[in-house]
Amino acid sequence: MEKLLEVKDLRVAFPGKWETVRAVDGVSFQVFQGETFGLVGESGCGKSQTMRSLLGLLKSPGQVTGGQILYRNQDIAKMSQKELRKIRGREISLIFQEPMTSLNPVLRIRKQLYEAFEGEDLTKEERERRAIELLKLVGIPSPETRLDEYPHQFSGGMRQRAMIAIALGARPRLLLADEPTTALDVTIQDQIMKLLNQLKQELGMSIILVTHDLGVIAQMCDRVAVMYAGQIVEMTDTVTLFSRPRHPYTYGLMGSLPSEDTAGSALEAIGGSPPNLAHLPEGCPFAPRCKYATDICRRERPEAAQVEPGHWIRCHHPEITQTFQGLIQASDRTAREEDDHA
Amino acid sequence: MREDRPLLLEVEHLCKWFPQKQSIVEMLQKKEIRQLKAVNDVSFQLYKGENLGLVGESGCGKSTLARTILRLYEPTSGTVRLNGQDISHLRGEALRRLRPQMQMIFQDPYSSLNPRMSVYDTIAEMLKVHKVVSDHEIPARVEQLLMMSGLSMDIAQRFPGEFSGGQRQRIGIARALSLNPAFIVADEPVSALDVSIQAQIINLLAQLQRELDLTVLFISHDLRVVRHITHRVMVMYLGSNVEVGPTEEIFARPAHPYTQVLTKAAPKLDPLNRQRDYAIEGEPPSPINTPPGCKFHPRCPFCTDTCRTQVPELREISPGHLCACHKPLIV
């Protein structure tokens, strides 16, 4: 598969008067053509800042302080605003969590859709046809009349669909989705996830999905990176992550989730809370909350290391984490793959 | 079902309607005032020491129902009885005496604590206002409450702004418990928290509920949490309860098509089991113009002619399991 995006040792910092917050601290990953790559983690882990830096959209005083963002071999981190404008929307597009705040409330949907293909030389009829096609594509009923409505006339789910239609307007190769279903009800969340999965297949685009919900990751992603305190602590394909998690944090997250088997018993919560990004501990940032932490964890930062092909973790104790049992049985995979072949 | 336990709260045909504003033209035409039926004909019982989950999509009336029971709203019609006493239309001093018996834990720990009051004052204020303990006993009681919520007296003089979301929620819990309430409403108590912190608070709530034999109405849209922590579940759709029953039964054998949809729609934590079909089309209609007959019929895959015209009654389909559907999925 063709490599679409490569992020190498990305660093993002927010310098303040007294202290500097290192929001992203050496993040590296790759995204291939046609895949959905998930970034999962809790609030403040740097997942959204990683995403924003991909389009040069960091809010002041945030800035990229190191690393490269190679989009088809061009470094986005070094581009001028003018160059970035050619990439935004046309090559890489972004959808946000709250569609009401990211749609313009005083413009009709028609106008906001047209902006997506402003650069192209289209006649009035062609633009209208394309706008209607887009609304149809994302499953908005009676698109001809809805084109002339305002965002407030749309329901939450329909607004998110309209957002997606606008994001797809210029046929991007890469769609960045920042918590696209978090503000929605479960039934609507389900519809939007299926829509994104289906669009990815039909249009052959890649998606980077940022979420805090492991359920959304399980349903949508091909590969996943788990982030903690500005770093990727574990990265592998989704099935491996759910069957054989190798980082204590990933394992802890899975243990914290209530499920049908946990009723009546206590959840295995991770103690404590995430560290302050301006005052990271000297060793592994997860060490203060980690059950398995030893002296070396408190002293030295672990480097990313491969524990099996394509499975990276940042942990000093891969020998301990080898015994972790995931949420699904790994043996299920071979059995089900055989089913699929049959 | 916990019928062996005493009845604590009895809600009968409770309605809370909000009249909608009319334009001058509509007023002159003497049009009937449209009502937003946020809660419409809800009946259920809550037993002592029980944790009842209340689930449904946003706007289905979960919070309005809770607030009407707590008498933050006055019901439009119907009755609420707490320990046998009708509280639906209490006023003045009688209502004030009722307040300490019913407390609430809020969703957002950032906006539900006064930023200018220390943790100590936040909790002590409750004790002073309602005079539950004499003044010299207050410090000891505050300490006991903080300990119960997993905090210590060291933090008592600090302000809410210095705490993380999980700690603030613990303060909120200590405050809700301060008056020894008979009944607690927890309105989405963990949905604003991160997963790892969420588990800590869920464990705390479950432990306190067991130890203090609390009666809780647990409102949440997260069905995984509800399944974990509650004894019974009530499902609401557009202002009415469509199904009530023991938690395990509701999840294993949902009787109402809407309950089935809800339980299926939550994303499964299994990448090898990806849901391929739409669980449900469309979105809930506006509670101002509710459809005739069964309110769920426009989205229901099993809809028949009866469903379009007749409102289904809530009836028992197996002991303790009630469902409002003409064609329940289990008989």
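**A sheet, a helix and a chain contact**

A: Helix 10 (residues 257–265) of chain B lies across strand 3, strand 9 and strand 10 (240–246) of chain B, and runs at about 105° to strand 9 of chain B. Helices (H or I, at least four residues) and strands (E, at least two) are DSSP runs, numbered from the N terminus; axes are lines fitted to C-alpha atoms, for helices over the stretch in contact, with angles from 0 to 180 degrees between N-to-C directions. This is a predicted model, in which local features need pLDDT of at least 70 and side-chain atom pairs count only at pLDDT 80 or more, while totals for chains, interfaces and linings use all residues. Residues are numbered from 1 along each chain as its sequence is written, and chains are lettered from A and ligands numbered from 1 in the order in which they are written.

The sheet in chain B is open and has 8 strands in the order 6-7-8-3-9-10-12-11, with mixed pairing (strands pair if DSSP finds at least two bridges between them). Its edge strands, each pairing on one side only, are strand 6 (102–105) and strand 11 (315–318) of chain B. Neighbouring strands of this sheet are turned by 25° against each other on average, direction ignored. Within the sheet, strand 3 (residues 51–55) and strand 9 (residues 232–237) of chain B pair in the parallel sense over 4 bridges. B:M234 in strand 9 of chain B is the bridge partner of B:L54.

In chain A, helix 7 (residues 156–168) has 13 residues and reaches 19 Å from its first C-alpha to its last, close to the 18 Å expected at 1.5 Å a residue (1.5 Å times one less than the number of residues). Of the 13 residues of helix 7 of chain A, 12 are buried, meaning 20 or more other C-beta atoms, placed from the backbone, lie within 10 Å of a residue's own. The axes of helix 4 and helix 7 of chain A come within 7 Å and cross at roughly 30°. That makes helix 4 of chain A roughly parallel to helix 7 of chain A (angles under 35 degrees).

The two chains also meet: 41 residues from chain A and 35 residues from chain B take part in the contact (C-beta atoms, placed from the backbone, within 7 Å). Helix 8 of chain A gives the most to the side of chain A that touches chain B, with 7 residues.

Terms used. Angles under 35 degrees count as roughly parallel, over 145 as roughly antiparallel, 65 to 115 as roughly perpendicular and the rest as oblique.
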